[in-house]
Every structure is written in structure tokens, then in C-alpha cells.
Amino acid sequence: GDLYWPLLVMYQQFQQTDFLRQCAEDSSVRQHLETVFDPLQPPPPWDPARTHTASNVAVYYISYQVPLRVRGQLRWLEEAQGGRRCRKKWIRVNVDASLKEVLRAEGHVVPGFPVLHIVLDGGAWQKNMLQRPCEDFVDPPSGS
């Protein structure tokens, strides 16, 4: 049988998300982009001019985006490992890859369900996002 994942798609520039309930593991990321940017559907309220399309966006995930409990304290994986090979960083997704390939990529730790970040390819927001630490875009773990 096929494995299906829920998928959170984030548009942080607009503080908006889409939640896709059942994404086939063998489907491509491009197929999911075509779902959320379907030209036959009304545009999202945050993009009435349809500047974002399935063909002009860049897709990223944050590597090692998961907190662990270490000696009773929640820590990011990179902190628990002393920073070795576990740095959070933006990883650009090949949109022609299957969801399974993206989820199996080195450093892709799924934080409960997959999260993909969408930005206009070549836009100012993309440049700004890539220059800032990933921590600016994820909630830090709460205390113990």
C-alpha cells in the first residue's frame, strides 16, 4: 500500500499556511505545488495577483528541525550533539523529487509531519530568508 503524509506548506512572508491532509509519498513536490497554486481555483487572499505559481516558487525545508529531551531539558538536535553534523540550515527541494525522496534526504528530520517553506524564487524575501538563521523561522522548544 501507499503511504500518505499530512503536509504543512508555509508562506512565512505572508504569515499563512496550507495544510494538505493526504499527500502520497510517491507523488512529486511539484504535484503538491500544482494543488495549492491551482489556476482554476480562486487566488489565495494573500496573493490576489497570483504572483506565486507552481512554476515560479522555491521550496525549502529546515534540516534537523526537531527538539530532543536531553537530561530533562528540550534542546535542538544540533545542541544535543554538540553542533556536529546537525546544524539547522535551509535545504532547497528539487520540486521534481518525490515526497519520499525529500523526506529521506540527509538531515531531514520530520517534526511530526513534513513542513515545506515556499518563497518566490529570486525574490527579496528568499534572499532575506537565506541570510538569516533558521531559528528566526521556527519556534524554539519550550522549557522542560
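The legends below describe views of a predicted model.

In this predicted model, local features need pLDDT of at least 70 and side-chain atom pairs count only at pLDDT 80 or more, while totals for chains, interfaces and linings use all residues. Residues are numbered from 1 along each chain as its sequence is written, and side-chain values use heavy atoms, with hydrogens and water left out.

**View 1. Elements of the whole chain.** Four helices and seven strands are found in the chain; these are DSSP runs numbered from the N terminus, helices being H or I with at least four residues and strands being E with at least two. Starting at the N terminus, the order is β-β-α-β-β-β-α-β-α-β-α. Of the 144 residues, 40% are buried (buried means under 20% relative accessible area, exposed over 50%, partly exposed in between, with a 1.4 Å probe and protein chains only). Among contacts in the chain with a separation of 6 or more, 65% are between residues 24 or more positions apart; a contact means heavy atoms within 4.5 Å.

**View 2. The loop at Gln15.** Gln15 sits in the loop between β1 (4–11) and β2 (16–24). Gln15 counts as exposed because its relative accessibility is 73%. The C-alpha atoms of Gln15 and Trp46 are separated by 9.1 Å, with the two residues 31 apart along the chain.

**View 3. The largest cavity.** The whole structure holds two cavities of 30 Å³ or more, a cavity being a set of points on a 1 Å grid over the protein atoms alone where a 1.4 Å probe fits but cannot get out, with lining residues having an atom within 4 Å of a point. The largest cavity has a volume of about 50 Å³, where volume is the space filled by probe spheres set on the points, and grid points are joined across faces, edges and corners. Its lining consists of Leu7, Val9, Val29, His32, Leu33, Val36, Leu116 and Ile118. Two or more of the lining residues come from each of β1, α1 (29–36) and β7 (115–120), and α1 gives the largest share, four residues.

**View 4. Gln126 in helix α4.** Gln126 belongs to helix α4 (residues 124–131). Gln126 is buried because its relative accessible area is 7%. The side chains of Gln126 and Asp121 are joined by a polar contact of 3.4 Å (a pair of N or O atoms within 3.5 Å; within protein, one must be able to donate a hydrogen and the other to accept it, and residues adjacent in sequence count only if both atoms are side-chain atoms). Apart from neighbours within four places in sequence, Gln126 is in contact with Ala58, Tyr60, Arg92, Val119, Leu120 and Asp121.

Key. On a 1 Å grid over the protein atoms alone, a cavity is a set of points where a 1.4 Å probe fits but cannot get out, and a pocket is an open set with protein on both sides within 12 Å along at least five of seven lines; lining residues have an atom within 4 Å of a point.
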